[in-house]
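Please have the model open as we talk.

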Amino acid sequence: MTEKKKFYQSDMFISILASVISVVIGLLFGYVLLLILNPGKANVGMGAMLTTGLSSLDQFGKVLYTSAPLMMCGLSVGFAFKTGLFNIGAPGQYTMGLFLALVAAIQFQLPWWLCLIFSILGGAVWGIFPGLFKALFNVNEVITSIMFNWIAMYLVNLLFANMPKMLASAWGATNSDRTADLHNANPSAIIPKGGIDKIFGNSNWINISVIIAVIFAILIWFILERTTFGYELKAVGLNKEAARYAGINANRSIILSMIIAGALSGLGGGLYYLAGTVQYVMLKSILGMGFNGIPVALLANSNPIGTIFSALFISYITVGGSAMQPNFSSETTEIIVSVIIYLAAFALLMKMVLGKHLMGKGKEGKKA
């Protein structure tokens, strides 16, 4: 008869403790960097980072607004992790999602909810290719995903540049022309605030996107933990050959995993760019939001519910980092925030260390 695990030996407790310790280590390293770069302003800079997100209702609204796409990209990467895949293609799927969302909004004048469906389709289609190559030809999904990130960026820029309505008359290639924005192009495509903005002092940032993201996080948790489909996906991730022996169609599971992961990233792009506060700028660099989904997933140990809180934390740190200027340059701020985020993502490694230590204590106690 197996002995019941103590609370401190439970997977949930170890996961939460690992995430908290990783966050603290990240913050300490960030503070050390501030001391090295500008000793006299280190306390001011760290104070701004840790308090700006809660300094006003408007700032907290901004934290919630930026957490929604982070949440979706984190869910995308975490979902793939759970099924044994590394979806580093989230940036490309995010880009294709925002592209179809804006085309639906401006070119076809569709309402916001239909635009979000288009964003889901865009990300899902871009997730098919790595899934197919992995399932049919056993090509590593990391390689194909990275390649498709660049293809997505250049393809979207090429298409936008050759769609006059998207650029000249409605959207604008840069933020320089504030008259060419979504408010003028198609107000019905802007995600509604749903009265939430009044709670946050009529914040220009907040809308129902964070609620949509939380609903999807709960939905993904339910799929993975409470459905046969989710069990099959995780079984393939743990051992593909054993899953095949059990009668599970492994190739189908791999393809569906990448399609769902892509759809989640694509929705993140739609949530961010249909808010009516930012415009897509044609750059020759991959959008960072998809990559930021990786530390969000790692910090949450790929748990969909944990992703909600890790996305909020990273959003909070990012908003706080922007308030560190003018004491620190924008480049310095980016470095500090990146160090904190990526050290915080060591939660998985920390969980392994804590698991061995705490389980070891339990065995020692049993022998005694």
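Q: What should I know before I start?
A: This is a predicted model: local features need pLDDT of at least 70, side-chain atom pairs count only at pLDDT 80 or more, and totals for chains, interfaces and linings use all residues. Numbering starts from 1 along each chain as its sequence is written, and side-chain values use heavy atoms, with hydrogens and water left out.

Q: At roughly what angle do the axes of α3 and α15 cross?
A: Two packed helices are described by the angle between their axes and the distance between the axes. Here the axes of α3 (residues 57-82) and α15 (residues 304-322) cross at roughly 130° and come within 7 Å. That makes α3 oblique to α15 (under 35 degrees is roughly parallel, over 145 roughly antiparallel, 65 to 115 roughly perpendicular, the rest oblique).

Q: Which residues of α3 and α15 make the contact?
A: With contact meaning heavy atoms within 4.5 Å, α3 brings residues including V63, L70 and M71, while those of α15 include I308, L312 and Y316. The contact of α3 with α15 divides into twelve nonpolar, six polar and one charged.

Q: How do α11 and α13 cross?
A: The axes of α11 (residues 228-238) and α13 (residues 250-273) come within 9 Å and cross at roughly 105°. That makes α11 roughly perpendicular to α13. F229, E232, L233 and V236 of α11 make the contact, with α13 residues including R252 and I260.

Q: How many aromatic pairs are there?
A: A pair of aromatic rings is described by the distance of the centres and the angle of the planes. Rings of Phe, Tyr and Trp (its six-membered ring) pair if their centres lie within 6.5 Å; planes under 30 degrees apart are stacked, over 60 edge-to-face, the rest tilted. The count comes to 14 aromatic pairs. Take Y65 and W205: their ring centres are 5.6 Å apart and their planes at 35°, so the pair is tilted. Y65 lies in α3 and W205 in the loop between α9 (196-199) and α10 (209-226), so the pair ties together parts 140 residues apart in sequence.

Q: Is Y65 buried or exposed?
A: Y65 counts as buried, at 1% relative accessibility (buried is under 20% relative accessible area, exposed over 50%, partly exposed in between; 1.4 Å probe, protein chains only). W205, at 23%, is partly exposed.

Q: Which residues do ring pairs link into a cluster?
A: Y65, Y94, F99, F160, W205, Y272, Y273 and Y280.

How values were computed
Axes fitted to C-alpha atoms, helices over the stretch in contact; angles between N-to-C directions. Helix = DSSP H or I, 4+ residues; strand = E, 2+ residues; numbered from the N terminus. Nonpolar A, V, L, I, M, F, W, Y, C, P; charged D, E, K, R; others polar.
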